[in-house]
Amino acid sequence: MAGMLIRGGLLQIVTLGIYRFWYTTNIRKFLWGRTSVKGDALEYTGTGKELFIGFLIAMAVLLPLYLAIAVLPIILESPFIYVVFLPATAFLGQYAVYRSRRYRLTRTAWRGLRFHQTGSAWRYAVLSSGWTIAVILSVGLLYPFARASLERFKVNNTWYGNRQATFSGTGRSFYAQTWQFWLIVIGPAAAIARYSYYSNSWMMTFHEPKEIFISIFIIFDNAVTWLLIAGFLLLPWFWAASFRWWADNIRFGDARAHSELPGDAFYGPYVLYGLSLVGLGILVGLPIGVFTFLESEALTAIATGVGYIIYFVGLGVLYQLLVARAVWQRQWESLNIEGLEDLNSVRALGEQATAFGEGLLDALDVGGI
């Protein structure tokens, strides 16, 4: 995999990023093809050409929006026009998430039969946007219910051939799996914010916009700091618990999975990735520092150029190799799947979807494997 990733990273530089569509496809084929259930491997049938065409179509659709974002603030002489465009872009991003999931499912086969997805991407975008607002207003406390609602929409519209999937997860069961996260992260943050508010309540008498902003920052600064530090340290554990909850609540008829993923499963990959980034930074920066100290402008320029290439390629290679691959492997190998014999009678159903959603995700810079 390392060789494939390094070659793909270099080709992205040579092609000014255009090769990324084939790069993504190769990674998916690699991961899918080396993952087997009861001895039968998954198969990814998508192509880089499909992703590239989807991206071009998406760019043609988004071009008027990008032009409006660039021109309207100048014409109207007001930067507040971004308040309108940012939610619109976020809404389109959720639409693209659902469309891209449809594409990936129709390009995923097991035992020669494709998966596919029904349901409206627009409806999902409305649902996701509404839940996003609710989660923000509730300071994250409604996230479990939002996650359960969105996963139920996606999974209940997922099919393997003519067999429909169902999702039984609820916000309450999500809390039961992850209560430690809310207790350690959200609870103290709320207590800190409450204490800080009453200690500095006199600031709420301010009326000037600048003074109001400063008072809010002072009051909630410590709470946000706690959220960032504690949340960052517990996120790998939270992701593992979330995956267990998700996997345990999916059914395809009588076929069901149970995950035994340990809570510390993702810490190793992320710690190793962090250490590797430090090493990569030293590898790139040391020659530049040496040549700068020797006052050799030519060698410094060459070392900087080569260092940029190494760092650009290295970031992607290390993440896919040390994090994405490891997370994928640990998730799949944690599963105990029962009732697969119920899928022996499944028949082919569903049509292949276009790659427009994938292209839209890429154009909005929120794509993934």
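**Salt bridges and a helix pair**

Tutor: Arg 111 is a partly exposed residue, with a relative accessible area of 37%. Keep in mind that the model is predicted.

Student: Which residue forms a salt bridge with Arg 111?

Tutor: Arg 111 sits in the loop between β3 (108-110) and β4 (113-117), and its partner is in strand β2 (residues 40-44), 71 residues apart. The closest N and O atoms of the pair are 2.9 Å apart. The partner is Asp 40.

Student: Is Asp 40 buried, partly exposed or exposed?

Tutor: The relative accessibility of Asp 40 is 29%. Buried would need a value under 20%, and exposed one over 50%. Asp 40 therefore counts as partly exposed.

Student: How many residues apart in sequence are the parts that Arg 107 and Glu 50 tie together?

Tutor: The side chains of Arg 107 and Glu 50 meet in a salt bridge, 3.2 Å from N to O. Arg 107 belongs to the loop between α4 (82-106) and β3, whereas Glu 50 belongs to helix α3 (residues 48-76). The parts tied together are therefore separated in sequence by 57 residues.

Student: Where does Asp 342 lie, the partner of Arg 163?

Tutor: Arg 163 and Asp 342 form a salt bridge, with the closest N and O atoms 2.7 Å apart. Arg 163 is buried at 18% relative accessible area, while Asp 342 is partly exposed at 22%. Arg 163 is in strand β6 (residues 163-167), and the pair ties together parts 179 residues apart in sequence, Asp 342 being in the loop between β9 (335-338) and α11 (356-363).

Student: Turning to the helices, why is α2 called roughly parallel to α10?

Tutor: The axes of α2 (residues 20-33) and α10 (residues 297-333) come within 12 Å and cross at roughly 30°. Angles under 35 degrees count as roughly parallel. That makes the arrangement of α2 and α10 roughly parallel.

Student: How many residues of the contact of α2 with α10 are nonpolar?

Tutor: From α2 the contact takes Tyr 23, Ile 27, Leu 31 and Trp 32, and from α10 Gly 316, Val 317, Gln 320, Arg 325 and Trp 328. Two of the contact residues are polar and one is charged. The nonpolar ones number six.

How values were computed: Residues are numbered from 1 along each chain as its sequence is written. This is a predicted model: local features need pLDDT of at least 70, side-chain atom pairs count only at pLDDT 80 or more; totals for chains, interfaces and linings use all residues. Side-chain values use heavy atoms; hydrogens and water are left out. A salt bridge is a side-chain nitrogen of Lys or Arg within 4 Å of a carboxyl oxygen of Asp or Glu. Helices (H or I, at least four residues) and strands (E, at least two) are DSSP runs, numbered from the N terminus. Buried means under 20% relative accessible area, exposed over 50%, partly exposed in between (1.4 Å probe, protein chains only). Axes are lines fitted to C-alpha atoms, for helices over the stretch in contact, and angles run from 0 to 180 degrees between N-to-C directions. Angles under 35 degrees count as roughly parallel, over 145 as roughly antiparallel, 65 to 115 as roughly perpendicular and the rest as oblique. Contact means heavy atoms within 4.5 Å. Ala, Val, Leu, Ile, Met, Phe, Trp, Tyr, Cys and Pro count as nonpolar, Asp, Glu, Lys and Arg as charged, and the others, Gly among them, as polar.
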